[in-house]
Amino acid sequence: MNLISNILYWISTGLLVPVIVLLIFFFIRAIILIGAFFGQYIQNKKSSTALYGSIRKLTPDTIGEFEASLPEKPQSLAEAYARKIVDASHSEGRARVDFLLSEYEMAAEKNIATSKVLTKMGPILGLMGTLIPMGPALVGLATGDIASMAYNMQVAFATTVVGLVVSAIGFLTQQVKERWAVKDITMLEYLAEIVEPSNESK
């Protein structure tokens with residue numbers, strides 16, 4: 001029994017360094033995500049807001065004007081797929097439009113993936129980083145090695161804080177990105193319904 005316990009202890013202790021390295025990696029990734037998210041927010045506020053206003057006023061009679069107003073070089077994912085949907089409605093039919101809508105959903109999901117990973121991995125790694133040093137800390141307490149106990153407790157608390165920060169950044173960006181994705185897919189589905197008659201009339 002002691003052998004099994006020792007093996008588990010060695011495995012657990014050996015995982016501390018990889019856990020700390022992963023936490024540092026995800027923390028850096030979270031900082032990078034904040035910068036990218038801010039840039040995406042500025043871009044989304046400009047392009048998607050204008051696109052949303054144009055699509056809200058869209059009618060079958062104004063499809064030509066709407067198509068002409070779309071930029072040649074789209075600044076957002078929604079603008080790119082709006083142009084693809086309008087182009088597909090002229091020649092490729094409803095099946096192609098539905099495929100483009102599904103393709104957009106996959107692209108939006110990919111955009112949210114990093115935030116989801118941070119949201120889940122932050123608490124997992126933080127908890128592992130908290131529990132692993134607790135064993136040596138208790139050993140230090142039992143043997144009277146207060147310095148060792150204090151060091152291990154410091155590591156435990158630090159990993160918890162970093163894991164929660166990573167998770168918080170992932171959760172907040174995930175919520176906003178999901179809201180953007182729902183708004184954009186609603187716009188694109190409405191656009192697909194509006195442009196469909198232009199294809200059926202041919």
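Which residues in H2 meet which residues in H5? In this predicted model, the H2 side of the contact is formed by Leu16, Val19, Leu22, Leu23, Phe26, Arg29, Ala30, Leu33 and Gln40. Their partners in H5 are Asn111, Thr114, Ser115, Val117, Leu118, Met121, Gly122, Leu125, Gly126, Met128 and Gly129. Sorted by class, the residues of this H2 and H5 contact are 12 nonpolar, 7 polar and 1 charged. Here is a short tour of that pair and its surroundings.

**How H2 and H5 pack**

- Two packed helices are described by the angle between their axes and the distance between the axes.
- Helix H2 covers residues 16–56 and helix H5 covers residues 93–131.
- The two pack at an angle of about 150 degrees, and their axes are 10 Å apart.
- Angles over 145 degrees count as roughly antiparallel, so H2 and H5 are roughly antiparallel to each other.
- The crossing of H2 past H5 is left-handed.

**A closer look at Leu23**

- Leu23 sits in helix H2 and is among the H2 residues that meet H5.
- With a relative accessible area of 2%, Leu23 falls under the 20% limit and is therefore buried.
- Leaving aside residues up to four places away in sequence, Leu23 touches Gly122, Leu125, Gly126, Thr159, Val162 and Gly163.
- Among these partners, Gly122, Leu125 and Gly126 are also in the list of H5 residues that meet H2.

**Where H1 meets H2**

- Helix H1 spans residues 2–14, and its axis comes within 4 Å of the H2 axis, with a crossing of roughly 25 degrees.
- That angle makes H1 roughly parallel to H2.
- On the H1 side, the contact involves Ser12, Thr13 and Gly14, which meet Leu16, Val17 and Pro18 in H2.
- By class, this H1 and H2 contact has 3 nonpolar, 3 polar and no charged residues.

**Helix H4 and what follows**

- Helix H4 runs over residues 77–91 and has 15 residues.
- From its first C-alpha to its last, H4 reaches 22 Å, close to the 21 Å expected at 1.5 Å a residue.
- The buried residues in H4 are Ala78, Glu79, Tyr81, Ala82, Arg83, Ile85, Val86, Ala88 and Ser89.
- Just after H4, Gly93 takes a positive phi of about 90 degrees.

Key: Residues are numbered from 1 along each chain as its sequence is written. This is a predicted model: local features need pLDDT of at least 70, side-chain atom pairs count only at pLDDT 80 or more; totals for chains, interfaces and linings use all residues. Side-chain values use heavy atoms; hydrogens and water are left out. Axes are lines fitted to C-alpha atoms, for helices over the stretch in contact, and angles run from 0 to 180 degrees between N-to-C directions. Angles under 35 degrees count as roughly parallel, over 145 as roughly antiparallel, 65 to 115 as roughly perpendicular and the rest as oblique. A crossing is left-handed if the near helix is turned anticlockwise from the far one by less than a right angle, and right-handed if clockwise. Contact means heavy atoms within 4.5 Å. Ala, Val, Leu, Ile, Met, Phe, Trp, Tyr, Cys and Pro count as nonpolar, Asp, Glu, Lys and Arg as charged, and the others, Gly among them, as polar. The expected span of a helix is 1.5 Å times one less than its number of residues. Buried means under 20% relative accessible area, exposed over 50%, partly exposed in between (1.4 Å probe, protein chains only).
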